[in-house]
Amino acid sequence: MIKDVSALSAQGLCWHSGERQILSDVSVSLSQGKMLGIIGPNGAGKSTLLRCLYRYLTPSKGDICLFGHSVGDLSAKAFAQQVAVVLQDTPHHFDMTTAQLVALGLTPHKGAFSLTSEQDKVQVRHALATVGLSELANQSYEQLSGGEKQRALIARAIVQRPKLLILDEPTNHLDIRYQIQILELLRSLDITVVISIHDLNLASALCDQLLLLNRGRSVIQGSPAEVLTEQQIGEVFGVCCQVLPHPQHGNPQINYFYGYSHLGEQGDLVHGDAIGVTSANGRFLTKSDLKEGKG
């Protein structure tokens, strides 16, 4: 019987900056070929966790395994052959064409003095076609739009041929069209993906699993339906919302109640008619509910 080896497994990760604890006992696991979305409020530790996963930071405690092997046992080159990273801020002052930028993804698989082969050029052209940038191959990378730059960086990652792709808020500065395009593109690559993301509805629609962080700790990892409940969103993000099945894909669709008007009588945050009090079944109650004695 073949043992199922997780693509990613991290147990009890801790990391601190001086005396400040940034990550505390965070664990995460992900099966091969799945997409994990890391969500949480600002300062929850999302980027710090990713930096530990791609070895920019060394955890003060805990273990990280990729495909059954400890990351500490991998050389820098071996690690780069398995893991590609796309950061939230696109690099600037790259005096090269889009195709030349994408070709940088070949580096982990080339010798120090290796020349670019015809097969290398085929890989670059294929990656550019995959992200829809074939017509911009010879254009300066600096002249690309924000969405085009992100797609070029993903093309570079495709050329790198990783088993795991890690992205830190790649949709942060993009309009909704490009946000959807980027995540749909990642879904189509058929590799394991870990991505931090702010938009909970986008994460719900396109991620297989979600990891919810708060104040440097894991709250829950599970399917979008398990993670994106009204009670957990309210407790972690401090907002009131209604969660219903999306009419297209059936995963949670979050509708927020807007307008912090004042503090309630018991110090609860009031959002219009929604008040930050939950009933026994975990649903957020409205002021009307409370007047009628519900909950």
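Predicted model: local features only at pLDDT ≥ 70, side-chain atom pairs only at ≥ 80, totals over all residues.
E142 is partly exposed, its relative accessible area being 30%. The side chain of E142 meets that of K149 in a salt bridge, with 3.9 Å from N to O. This distance qualifies because a salt bridge requires the nitrogen to lie within 4 Å of a carboxyl oxygen.

A search of the whole structure finds three salt bridges. Another of them links the side chains of R187 and D208, at 2.9 Å from N to O. R187 belongs to helix 6, which covers residues 176-188, whereas D208 sits in the loop between helix 7 (200-206) and strand 9 (209-214); the pair therefore ties together parts that are 21 residues apart in sequence. Both partners are partly exposed: R187 has a relative accessibility of 40%, and D208 has a relative accessible area of 25%. A further salt bridge is formed by the side chains of E118 and R125, at 3.4 Å from N to O. Here R125, at 46% relative accessibility, is again partly exposed.

Helix 6 also takes part in a packing arrangement. Two packed helices are described by the angle between their axes and the distance between the axes. For helix 5 (residues 146-159) and helix 6, the axes come within 10 Å and cross at roughly 10 degrees. Helix 5 is therefore roughly parallel to helix 6, because angles under 35 degrees are placed in that class. Helix 5 contributes G147, Q150, R151 and I154 to the contact, while helix 6 contributes Y178, Q181, I182, L185 and L186. Sorted by class, the residues of this contact are five nonpolar, three polar and one charged. The spacing of such residues can be read with a general rule in mind: an α-helix has 3.6 residues a turn, so residues three or four places apart point the same way.

The buried residues are K46, S47, T48, L49, L50, C52 and L53. Just after helix 1, the backbone reaches R55, which takes a positive phi of about 70 degrees.

Definitions and conventions:
Residues numbered from 1 in each chain as written. Heavy atoms only, no water. Buried < 20%, exposed > 50% of the residue type's maximum accessible area, 1.4 Å probe, protein only. Helix = DSSP H or I, 4+ residues; strand = E, 2+ residues; numbered from the N terminus. Axes fitted to C-alpha atoms, helices over the stretch in contact; angles between N-to-C directions. Parallel < 35°, antiparallel > 145°, perpendicular 65-115°, else oblique. Contact = heavy atoms within 4.5 Å. Nonpolar A, V, L, I, M, F, W, Y, C, P; charged D, E, K, R; others polar.
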